[in-house]
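I opened my notebook to look up a few things in one protein chain. Here is what I looked at.

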Amino acid sequence: MMRCGYFLSTEEHTPDQLIDQARLAEQAGFDALWISDHFHPWNDAQGQSPFVWSLIGAISQVCRLPVTTAVTCPTVRIHPVIMAQAAATSAVLLHGRFRFGVGSGEALNEHVLGGPWPTVDVRLEMLAEAVHVIRRLWTEEFVSHRGRHYTVDTARIYTRPDQPPPIYVSAFGPEATDVAAEIGDGFATTSPDRELIGRFKERSGGKPAQAGLKVCYAPSQDEGVDIAHRLWANAGLPGELAQVLPSPRHFEQASTLVTKESTRASVPCGPDPAAHLAAIKEYREAGVDELYVSNMGPHYEAMIDFYRDEVLPEVRAA
């Protein structure tokens, strides 16, 4: 049975709202939490971007759901040694219910220190080396490492969980999916792509796949479409734009190419459970083991109640 969790969007909500959503999601019967990790939102209309590691600590005190970062880039903006410490502390606070979702990142968040944005092949190399370093720090005493991209000098993580957290790796193309299958304990994606999910499972020996789905619950479909298009038109951008555009204003410029009709066709909007269930079915049939649903816009409390009453029971029955 596919598990259904709730996706906390740090790009759109304040810390207090995100903590509230985590608490409400547990009460409504969601199975687990995803939480995004950004330095910038995708556009100014979204308007937020709190530090995810502070939030995970706070969430650990208000609910007992498992938490996965979706996803952290452990390669450029923050060194893998510090990422290893942050993730280990989160796993301790969550009593082993933490999963470290990682990916090769976006220029939107990672360019802020002023360095060059690497090509995709270099980013994947950096990710594989970072994961190697992080796993060593979780399991060994003092670690020294001199690799192609990172140097570590007699570092030790003192506060760490009894068991290292699983690492789920994000991928959006065949090459990245092969890297995810090689280095990851699971797969993370945002689309019901049967081919890539199947490729990961085949090459990883059947490891689990997580995915995220954005919906827009609102009193009417039209209002939902308006909200989704205003806040998240960037989700309709094709290809590698999401990885290479450097600032929210560039995403705003590119998003003018995404039509409202396209948003209406691609996002489950409004209060009809059939639309939400149809989207969820696509992910289940694509082979997703855990699906995390995020609500665009201000109606998150109503969305959580709606899922509790009309969507989650149908998902579990299916």
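My entries follow, grouped by topic.

**Entry 1: the model**

I noted at the start that this is a predicted model.

**Entry 2: helices H1 and H2**

I began with helix packing. Two packed helices are described by the angle between their axes and by the distance between those axes. I looked up H1, residues 15-28, and H2, residues 52-59. Their axes are 10 Å apart, and the angle is about 40°. H1 is therefore oblique to H2. I also checked the hand of the crossing, and H1 passes H2 in a right-handed one.

Which residues of H1 meet H2? I found Pro15, Leu18, Ile19 and Ala22 on the H1 side. On the H2 side I found Leu55, Ala58 and Ile59. I sorted this contact by class and got seven nonpolar residues, no polar ones and no charged ones.

**Entry 3: helices H5 and H6**

Next I took H5, residues 120-139, with H6. Their axes come within 11 Å and cross at roughly 10°. Angles under 35 degrees count as roughly parallel, so H5 is roughly parallel to H6. From H5, I listed Asp121, Leu124, Leu127, Ala128, Val131 and Arg135. They meet Glu175, Ala176, Val179 and Ile183 in H6. This contact divides into seven nonpolar, no polar and three charged residues.

I stayed in H6, residues 174-183, to look at Thr177. Is Thr177 buried or exposed? Its relative accessible area is 0%, so Thr177 is buried. I left aside its neighbours within four places in sequence and looked for contacts. Thr177 is in contact with Ala171, Phe187, Leu196, Arg199 and Phe200.

I found Val215 in strand S9, residues 209-215. Val215 counts as buried because its relative accessibility is 0%. I did not count residues up to four places away in sequence when I listed what Val215 touches. The list holds Val267, Pro268, His276, Val293, Ser294, Asn295, Met296, Met303 and Tyr307. I also looked up the pair Val215 and Glu301. They are 86 residues apart in sequence, and their C-alpha atoms are 13 Å apart in space.

Then I turned to Ala278, which lies in helix H12, residues 273-286. Ala278 is partly exposed, with a relative accessible area of 43%. From Ala278 to Leu94 I noted 184 residues in sequence and 33 Å in space, C-alpha to C-alpha.

**Entry 4: backbone exceptions**

Most residues other than glycine have a negative phi, and most peptide bonds are trans. I searched for exceptions.

Which two residues does a cis peptide bond join? I found Ala70 and Val71, with omega about -15°. Val71 lies in the loop between strand S3 (67-69) and helix H3 (80-93).

His95 has a positive phi, near 55°, and is not a glycine. I placed His95 in the loop between H3 and strand S4 (98-102). His95 counts as exposed because its relative accessibility is 62%.

Thr154 also has a positive phi, about 40°. I found Thr154 in strand S6, residues 151-155. Thr154 is partly exposed, at a relative accessible area of 49%.

**Entry 5: salt bridges**

Side chains of opposite charge can pair when their charged atoms come close. How many salt bridges does the structure hold? I noted 18.

I looked up Asp31 and Arg316, whose side chains meet in a salt bridge at 3.3 Å, N to O. This pair links distant parts of the chain, 285 residues apart. Asp31 sits in the loop between H1 and strand S2 (33-35), and Arg316 sits in helix H13, residues 300-317. At 33% relative accessibility, Arg316 counts as partly exposed.

Next came Arg77 and Glu110, with the closest N and O atoms 3.3 Å apart. This pair also links distant parts of the chain, 33 residues apart. Arg77 is in the loop between S3 and H3, and Glu110 is in helix H4, residues 107-110. Are Arg77 and Glu110 buried or exposed? Both are buried. I also found Asp37 linked with Arg77 and Glu110 in a network of salt bridges.

My last pair was Arg308 and Asp309, at 2.8 Å, N to O. Arg308 counts as partly exposed at 37% relative accessibility. Asp309 counts as partly exposed at 48%.

Technical notes:
Residues numbered from 1 in each chain as written. Predicted model: local features only at pLDDT ≥ 70, side-chain atom pairs only at ≥ 80, totals over all residues. Heavy atoms only, no water. Axes fitted to C-alpha atoms, helices over the stretch in contact; angles between N-to-C directions. Helix = DSSP H or I, 4+ residues; strand = E, 2+ residues; numbered from the N terminus. Parallel < 35°, antiparallel > 145°, perpendicular 65-115°, else oblique. Left-handed = near helix turned anticlockwise from the far one by under 90°. Contact = heavy atoms within 4.5 Å. Nonpolar A, V, L, I, M, F, W, Y, C, P; charged D, E, K, R; others polar. Buried < 20%, exposed > 50% of the residue type's maximum accessible area, 1.4 Å probe, protein only. Salt bridge = Lys/Arg side-chain N within 4 Å of Asp/Glu carboxyl O.
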